[in-house]
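This report covers selected features of one chain. The structure is shown below.

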Amino acid sequence: MTGIQIGASVAINGTCLTVTDILTDGSTLAFDIIIETLRATNLGDLQPGGPVNFERSARIGEEVGGHNVSGHVHTKARIASILDMENNRRVTFELPGSTWMKYILPKGYIAVDGTSLTIGEVEGNTFSVYLIPETLRATVHGVKREGEFVNIEIETQTQAIVDTVERVMAKYLASPATPLPQ
């Protein structure tokens, strides 16, 4: 926690939060969390002393490992299954009745509890990722179990492209006399 000050932005399980207090032990931070954050994330499920992914804000000029994530969690997903294999773990997540699945594409990327991951398979309302031993060691994914909820942040460029294509297609399909741009 070295160098963290009140007002700093940090991510807990991928959720961007502002530090409001640093307790006297120096290793405990406090945050104000609003109802919407509790609704959209798994932060309300956390227990004191339980494991979390903790990440400081990226700094200009520093390496970014993975894709850019904002800490603006879109929704939660339930861990539907975990399959341990040699040198990796396949985790399948379920987003029942979710409008977010249209943004989850094979080989695209997604943030799960703040961890930048490549999407494996997508089927119906489920998607999977594959975790290497280092990811399992360095993040909360090594201790997550089936049935638990994780925070999901959709990749913003994918979201913008899908939404734009939908808008353009709806416009041109609604008026067939309008030719498609060349």
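## Alanine 160

Alanine 160 counts as partly exposed, because its relative accessibility of 40% falls between the limits of 20% for buried and 50% for exposed. The model is predicted, and in it alanine 160 lies in helix 3.

Threonine 28 is 132 residues away from alanine 160 along the chain, and the C-alpha atoms of the two are separated by 37 Å.

Helix 3 spans residues 156–174 and includes methionine 169. Methionine 169 has a relative accessible area of 39% and is therefore partly exposed.

A nonpolar patch on the surface is formed by Ile161, Val165, Met169 and Leu173. Together these residues have about 410 Å² of accessible area.

In what order do the four strands of the open sheet stand? The order is 3-2-1-4, with antiparallel pairing. Strand 3 (29–31) and strand 4 (54–56) are at the edges; each has a single partner strand, so one side of each lacks a neighbour in the sheet. On average, neighbouring strands of this sheet are turned by 50° against each other, direction ignored.

Strand 1 (residues 9–12) and strand 2 (residues 15–22) run antiparallel and are joined by four bridges. Serine 9 has threonine 18, in strand 2, as its bridge partner. Strands of a sheet pair through backbone hydrogen bonds, in either a parallel or an antiparallel arrangement.

How values were computed:
Residues numbered from 1 in each chain as written. Predicted model: local features only at pLDDT ≥ 70, side-chain atom pairs only at ≥ 80, totals over all residues. Heavy atoms only, no water. Patch = residues over 30% accessible without salt bridge, like charges linked within 9 Å, V, L, I, M, F, W, Y side chains within 5 Å. Areas by Shrake-Rupley, 256 points an atom, 1.4 Å probe, with all protein chains shown as cover. Salt bridge = Lys/Arg side-chain N within 4 Å of Asp/Glu carboxyl O. Helix = DSSP H or I, 4+ residues; strand = E, 2+ residues; numbered from the N terminus. Buried < 20%, exposed > 50% of the residue type's maximum accessible area, 1.4 Å probe, protein only. Pairing = 2+ DSSP bridges. Axes fitted to C-alpha atoms, helices over the stretch in contact; angles between N-to-C directions.
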